[in-house]
Structures are given as C-alpha cells and as structure tokens.
Amino acid sequence: MTNNIPDNASILVRSFGMDTRKEAVFRMAFKMHTRRHYQLLESGDDRVAHLSIVDIDGPGGTELARNLHQSEPGLRILVTTISSPADCIFPILQKPVRMETLFPALEALLLDTPGTTEKQDTNVKPIRPDITVPVTSLNTQQASPSPAPQNASEVPVAPSKPAPVLRPEEVQYFNPDEGFLGLLKIAQRDQGISIISDQNQRAIVRLDPSADQAAALIDDEQLQQLCQVSASNLQLRAPRDGDSGENSSLRHMSLQSLLWQVAAWTANGRLNQKLPLNAPVQLKQWPNLTRLPMLPDALRLAAFLARSPASPALTVKILRIEPRDLFNFLAAADSLELLRYNTPENPGNLVRIPHDSASLETEIPAAKRSFLGRLLKRIAGI
C-alpha cells in the first residue's frame with residue numbers, strides 16, 4: 001500500500017464494531033466530503049481497505065482492534081470511542097464524531113507510514129476537536145514544532161475553492177406541474193393505482209400511492225431522459241391486462257423515493273418557478289435521507305433550512321453551495337410537500353419565522369436529536 005495516494009483516488013474504508021445506523025452516518029459524511037473520495041466498504045466486499053475504523057465501545061471492541069492490528073500490522077486503524085482508554089495504541093477519534101475531526105484524522109492516517117504507531121505506542125495522542133495535525137510523538141513535536149503548520153495545511157477541514165456566485169439573470173426556471181413529474185404528482189394526489197406510459201402505450205412505471213409503492217419497467221437512464229420529455233408524449237392511465245406481461249423486469253421502490261429523484265432530475269440545475277429567488281423558504285420537517293436517493297449537499301441543506309428560513313440567494317451565499325445543487329434539492333423537497341414558502345398560488349403554506357432559540361429547536365423532530373442529529377447540526381455550520 002502506497003503512502004501518497006492521489007487526491008482523486010478512492011479511499012476504501014472498512015468499519016468494525018458498528019451497527020447499520022452508525023455506518024449510515026459515516027456513509028453520509030463520506031458522500032459530503034469533496035477533497036477526497038472516501039468509500040465505506042460493504043460487509044461482503046473483499047477489496048483491500050486503505051483504512052479501518054473500529055468502534056471500541058461495544059463488547060470486546062478494544063480486543064477487536066488489537067486482533068486486527070496483529071493480523072495485519074501494516075493496516076492503518078482509527079478507533080472511535082466516548083472515553084479514551086489509557087492503554088490504547090491507536091489514534092483515537094472521540095465521540096460525538098464531527099466533520100472537522102473525522103477527515104483530518106483520516107488524512108493523518110493516510111500521511112502516516114505503516115508501522116509508525118507500533119513504534120510509538122506510548123506517545124500516540126488522541127485526536128481532539130481542536131487538533132488538526134497528524135498523529136506524531138510528543139518528542140517529535142517538542143524537537144521540531146515547525147512541521148505542524150505544514151502538515152495542517154495539507155489536511156484542510158474544507159476544500160479551498162472560490163465561493164459560488166448566483167447571478168439572477170442566469171437562473172433558469174421550470175414548471176413542476178408539467179411532464180413526468182407533473183403526472184407523478186397527479187397520481188399521488190388521486191391516490192389510485194395507475195400506469196404512466198409513453199406515446200407507444202408502453203408502460204413505464206406502475207404506481208400505487210395508497211401503499212407508497214412504485215415499480216419501474218425501465219432503467220434509471222431512461223427515466224432520467226423522460227424527465228426532459230414533454231407531457232404530451234406521456235400518459236397517465238388505469239392499468240390494463242397487457243401491462244402485466246413485463247412484471248419480470250420491475251424494480252420496486254417507494255413512490256416518495258421516485259418523486260424525490262424525478263424532481264431532482266427534472267430540475268437539472270433549474271429553480272422551481274414557484275419559488276422566488278429572494279423570498280424565504282423553509283423545510284417543514286427533515287427528509288428521510290436514509291431512504292431517499294442522496295443528492296449533493298443534501299445533509300447541509302436539510303440542517304440549514306430546517307432551523308430557519310432563508311432565500312435561495314442567501315442560502316448559496318451562506319453555505320457556499322453550488323446553485324444547481326440547491327435548486328435540485330429544493331425541487332426534490334417540494335415534490336414531497338416538505339417546503340414552506342409564500343406565494344399567491346400557495347397562500348396556506350406560510351413561512352414561520354422563529355423568534356427565539358427554543359422555537360428553532362422545535363423545527364427539528366426529536367427523533368433526529370441523536371448522534372446523527374448532533375452531527376448534522378455541526379454540518380450546518382461548515
């Protein structure tokens with residue numbers, strides 16, 4: 001395994017001692033990180049991992065990390081724990097895990113050489129929220145303090161890139177009530193089992209809104225192309241006997257998941273024409289991002305817009321987010337009726353302006369104020 005991994009290479013990470021909920025947190029964090037492409041391996045993936053993250057708070061967690069180190073001495077291991085054990089020989093990432101500590105810790109392991117931690121077992125320092133330098137020995141830090149700023153510059157918390165600029169004259173708009181997306185919304189409103197077919201009467205998707213179920217008979221690439229097709233080429237109709245002949249090729253998903261993805265594809269970097277560029281918009285509640293297709297920067301946007309209303313123009317400026325990613329997220333959220341905004345066409349969907357910190361907390365469901373909730377709350381400020 002080489003020490004100098006190119007920035008554009010995938011960094012394979014394997015987890016140990018974690019349940020699916022904890023793994024989901026790391027997967028979301030990895031998808032948000034843009035400087036390097038980190039990938040958390042599935043349990044059945046036999047590829048060799050560059051890094052391993054071990055949660056030692058469970059039964060036998062410390063012994064698991066030690067056995068892993070003994071079986072693969074050259075493997076870079078990072079352990080996560082609530083309290084740091086005194087005899088731990090591995091770099092420690094303390095909980096709650098935060099973006100500003102997770103990725104500097106991983107970068108520190110990538111910059112380190114295999115076997116270094118074994119030679120310096122007694123001097124390994126846990127990685128704290130206020131430390132962004134690679135793990136080194138105390139003697140090395142005292143003898144040569146100058147390399148610390150150099151290493152810190154190599155592992156920035158966030159990529160240094162120009163702030164995105166939103167020019168109102170360049171913003172393009174789309175009508176969410178037309179085309180494929182419009183037909184899906186009609187089916188959702190009518191709550192009846194229906195079929196969307198193309199101009200040749202070929203069934204494309206089968207919808208059962210009452211059960212929140214959808215079944216696609218074509219692949220994602222074809223579905224994405226249909227998002228740019230005129231509504232005149234598509235038809236919403238009742239099921240027919242002939243539609244059952246292609247059931248073998250069905251792919252099942254929730255209707256909400258299909259609406260979310262189709263809305264983002266339809267937007268394609270354009271703003272919903274119902275949303276004024278400089279008018280406030282707000283999330284009524286958190287999208288269930290673990291069950292929806294992941295969109296760029298969806299976590300940061302959900303954390304930001306759930307706490308307080310902001311206009312699309314202000315959101316781009318504060319979060320330094322690409323306008324197209326924001327517009328796609330807003331389209332997806334609006335397709336599930338998760339947005340609150342003020343328009344003449346939507347008079348009952350008024351934005352609520354919070355007046356104190358207590359009201360800000362009530363905008364976020366209590367179920368989200370957990371380890372994942374705290375992580376997402378930190379993401380909003382990055």
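## A friendly tour of a predicted model

Glu337 is exposed, with a relative accessible area of 63%. That residue is a handy starting point for a look around this structure, which is a predicted model. The protein has 14 helices and 14 strands, and 46% of its 382 residues are buried. Take contacts between residues at least 6 apart in sequence: 70% of them join residues that are at least 24 apart.

**Loops and backbone angles**

- Glu337 sits in the loop that runs between H12 and strand S14 (339-341).
- The phi angle of Glu337 is positive, at about 60°, although Glu337 is not a glycine.
- Asp297 also has a positive phi of about 60°, and it is not a glycine either.
- You will find Asp297 in the loop between strand S13 (281-283) and helix H10 (298-307).
- Why point these residues out? Most residues other than glycine have a negative phi.
- Another loop residue to look for is Arg202, placed between strand S7 (194-197) and strand S8 (203-208).
- Arg202 and Gln235 are 33 residues apart along the chain, and their C-alpha atoms are separated by 9.8 Å.

**Two sides of helix H2**

- Helix H2 covers residues 61-71, and its buried residues are Gly61, Ala65, Leu68 and His69.
- Looking down the axis of H2, you would see these buried residues fall within an arc of 100°, so they line one face of the helix.
- Gln70 and Ser71 are exposed, on the other side of H2.

- Thr266 belongs to helix H9, which spans residues 255-267.
- Is Thr266 buried or exposed? With a relative accessibility of 6%, Thr266 counts as buried, because buried means under 20%.
- Which residues does Thr266 touch, leaving aside its neighbours within four places in sequence? Thr266 is in contact with Phe174, Leu181, Cys227 and Gln228.

**Where H9 packs on H12**

- Helix H12 (residues 323-335) packs with H9 at an angle of about 140°, and the two axes are 8 Å apart.
- That angle makes H9 oblique to H12.
- The crossing in which H9 passes H12 is right-handed.
- From H9, the residues in this contact are Leu259, Trp260, Ala263, Ala264 and Ala267; from H12, they are Phe327, Asn328, Phe329, Ala331, Ala332, Ala333 and Ser335.
- Sorted by class, the residues where H9 meets H12 are 10 nonpolar, two polar and no charged.

**Where H1 meets H3**

- Helix H1 (residues 20-32) and helix H3 (residues 99-111) cross at roughly 80°, and their axes come within 12 Å.
- H1 is therefore roughly perpendicular to H3.
- On the H1 side of the contact are Phe26, Ala29, Phe30 and Met32, which meet Met99, Leu102, Phe103 and Leu106 of H3.
- How many residues of each class take part in the contact of H1 with H3? There are eight nonpolar, no polar and no charged residues.

Methods
Residues numbered from 1 in each chain as written. Predicted model: local features only at pLDDT ≥ 70, side-chain atom pairs only at ≥ 80, totals over all residues. Heavy atoms only, no water. Buried < 20%, exposed > 50% of the residue type's maximum accessible area, 1.4 Å probe, protein only. Helix = DSSP H or I, 4+ residues; strand = E, 2+ residues; numbered from the N terminus. Arc of directions from axis to C-beta. Contact = heavy atoms within 4.5 Å. Axes fitted to C-alpha atoms, helices over the stretch in contact; angles between N-to-C directions. Parallel < 35°, antiparallel > 145°, perpendicular 65-115°, else oblique. Left-handed = near helix turned anticlockwise from the far one by under 90°. Nonpolar A, V, L, I, M, F, W, Y, C, P; charged D, E, K, R; others polar.
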